[in-house]
Amino acid sequence: MRRIRLFALLALVALHAAQAADLLRGGNARVVFVGDSITGLSRNAAGGWAHQIEWALRQAHPGCQPDLVSLGGSGQGVRSWLNVEERSRREPVFLDIKGVDVQAGLARPADVLVIMLGMNDVLSPYVTEDAASLADWLAGYRQLIAALRARVTPGTLALASATMCTEDPASPKNAAIDRLNEQAAALARELGAIAIPTNQAMRDALRVGRQGRPDFHVTYDFVHPNDAGHLAMAAAMLRALGDEAAAELLTRQRLAPLLERPSTPAPVPQPPAPWLVTAGLAHTFWDGQVFDVAKARGPIEAAIEAGADFTTAADVTGVKPVWRRWTPSVNYTGLDAPGSVDFAGITQARTFEGGYGARWIRADREHQANLDLSTQIFAGTLHLTVWL
């Protein structure tokens with residue numbers, strides 16, 4: 001029974017990749033990985049996916065000597081990596097991994113070049129959702145590929161999909177990442193490169209893990225992979241590059257135990273009370289990069305202060321926003337804490353964008369209440385104003 005169940009589990013995380021030649025040369029290939037902080041964590045995290053790939057290759061091919069070079073930098077997107085590549089032609093450049101120089105990493109030929117970018121282009125965001133911005137991103141990706149190919153002359157080029165941002169597959173952030181990944185996959189087909197489905201690998205692992213535990217995660221902060229996420233990514237890379245034996249060893253011995261259902265099913269938590277939210281609103285309360293409190297009072301604020309129905313008020317541009325219900329969940333920052341609102345679940349936020357969250361707080365009797373307010377954001381700044 002356990003064998004059948006394990007095979008079914010393996011099928012879910014195998015990504016159904018087409019069989020390919022062993023591009024990793026039995027574990028002896030030189031592979032250069034180019035990316036952002038997630039590529040940096042492939043080495044900096046004890047369970048990072050570069051460490052996992054090395055372990056699996058050595059298990060599958062005793063005596064092999066893999067040469068895996070991770071060039072990952074926090075905050076890097078496609079356009080910023082073009083600057084890194086250009087600067088590394090003139091001088092040493094160090095990113096997230098101590099002692100690893102981009103100039104040296106790109107100075108020798110590689111059997112395989114793997115590029116995985118797009119997370120920060122959505123997270124920051126460097127890329128908006130209009131067609132011109134997406135086309136510019138793709139043009140930058142094409143330019144970066146040409147520059148890196150000229151440096152390392154890889155036998156094989158692979159483009160890995162950017163992984164999940166929030167653990168809700170339908171979030172605006174993930175929808176934006178999906179659009180970039182679709183363009184990257186089309187570019188891979190055009191260039192005769194391999195498209196590595198690292199994003200789908202994480203989604204598959206998340207789906208299987210959630211079958212047994214409602215609070216199972218593949219990231220530790222809704223951006224960077226945890227151990228399960230690293231393992232899913234490593235297995236996807238091994239399979240896409242043709243080493244099925246190493247991928248199966250890694251999946252069976254390290255990933256599958258993390259995905260197994262607990263002997264005692266976890267209780268399904270009661271959903272917390274919802275909020276009323278709206279976001280995606282343009283605001284004029286900025287003086288350059290400085291938040292100007294004097295400009296922060298618009299029609300919605302005026303309606304709130306007057307005790308009127310603020311949901312019928314327009315924003316500062318005259319557009320009436322759409323309000324919707326928001327229920328905290330384990331897929332977002334703040335998890336399912338009743339007071340949590342993560343606007344990443346509501347909008348693919350632009351710089352200087354505003355949003356509102358409203359909630360009635362009722363009590364059976366009059367008594368003192370403590371209101372504890374805080375904000376949390378990934379790689380940015382929030383300005384919080386509260387009306388009671």
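On a 1 Å grid over the protein atoms alone, a pocket is an open set of points with protein on both sides within 12 Å along at least five of seven lines, a cavity is a set of points where a 1.4 Å probe fits but cannot get out, and lining residues are those with an atom within 4 Å of a point. The model examined here is predicted, so local features need pLDDT of at least 70 and side-chain atom pairs count only at pLDDT 80 or more, while totals for chains, interfaces and linings use all residues. Residues are numbered from 1 along each chain as its sequence is written, and side-chain values use heavy atoms, with hydrogens and water left out.

The second largest pocket is lined by 14 residues. Those that lie nearest its centre are Ser161, Asn181, Ala185, Pro197 and Asn199. Two or more lining residues come from each of β4 (156–160), α8 (172–191), β5 (194–196) and α9 (198–212). Helices (H or I, at least four residues) and strands (E, at least two) are DSSP runs, numbered from the N terminus. The element that gives the most to this lining is α8, with five residues. The space in the second largest pocket amounts to about 240 Å³, where a volume is the space filled by probe spheres set on the grid points, and points are joined across faces, edges and corners. By residue class, the lining of this pocket divides into seven nonpolar, four polar and three charged residues. Here Ala, Val, Leu, Ile, Met, Phe, Trp, Tyr, Cys and Pro count as nonpolar, Asp, Glu, Lys and Arg as charged, and the others, Gly among them, as polar.

Four cavities of 30 Å³ or more are found in a search of the whole structure. The volume of the largest cavity is about 50 Å³. Its lining is made up of Asp121, Val122, Val127, Thr128, Glu129, Leu134, Ala176, Arg179, Leu180 and Gln348. Both α6 (119–123) and α8 give two or more residues to this lining, and α8 gives the most, with three residues. Five residues of the lining of the largest cavity are nonpolar, two are polar and three are charged.

Gln348, one of the residues that line the largest cavity, is placed in the loop between β9 and β10. Gln348 has a relative accessible area of 8% and is therefore buried; buried means under 20% relative accessible area, exposed over 50%, and partly exposed in between (1.4 Å probe, protein chains only). The C-alpha atoms of Gln348 and Pro172 are 5.1 Å apart, although the two residues are 176 apart in sequence. Arg350 is in the loop between β9 and β10 as well, and its relative accessibility of 46% makes Arg350 partly exposed. Between the C-alpha atoms of Arg350 and Thr128 the separation is 7.5 Å, with the two residues 222 apart along the chain.

Most residues other than glycine have a negative phi, and most peptide bonds are trans. The peptide bond from Ser124 to Pro125 is cis, with omega near -15°, and Pro125 is found in the loop between α6 and α7 (131–152). Thr166, which is not a glycine, has a positive phi of about 80°. Thr166 lies in the loop between β4 and α8 and is buried, at 3% relative accessibility. A positive phi of about 55° is found at Leu335, which is not a glycine either. Leu335 belongs to the loop between β9 (324–326) and β10 (353–358) and is partly exposed, with a relative accessible area of 37%.

The structure holds five aromatic pairs. The ring centres of Trp326 and Tyr332 are 5.0 Å apart and the ring planes are at 65°, so this pair is edge-to-face. Rings of Phe, Tyr and Trp (its six-membered ring) pair if their centres lie within 6.5 Å; planes under 30 degrees apart count as stacked, over 60 as edge-to-face and the rest as tilted. Trp326 and Tyr332 are both buried. Phe310, Trp323 and Tyr356 are linked into a cluster by ring pairs. Arg254 lies over the face of Trp55, at 3.9 Å from the ring centre; a charge sits over a ring if NZ of Lys or CZ of Arg is within 6 Å of the ring centre and within 35 degrees of the ring normal.

A disulfide is a pair of cysteine sulfur atoms within 2.5 Å. By this rule there are zero disulfides. Cys64 is buried at 5% relative accessibility, and Cys165 is buried with a relative accessible area of 3%.
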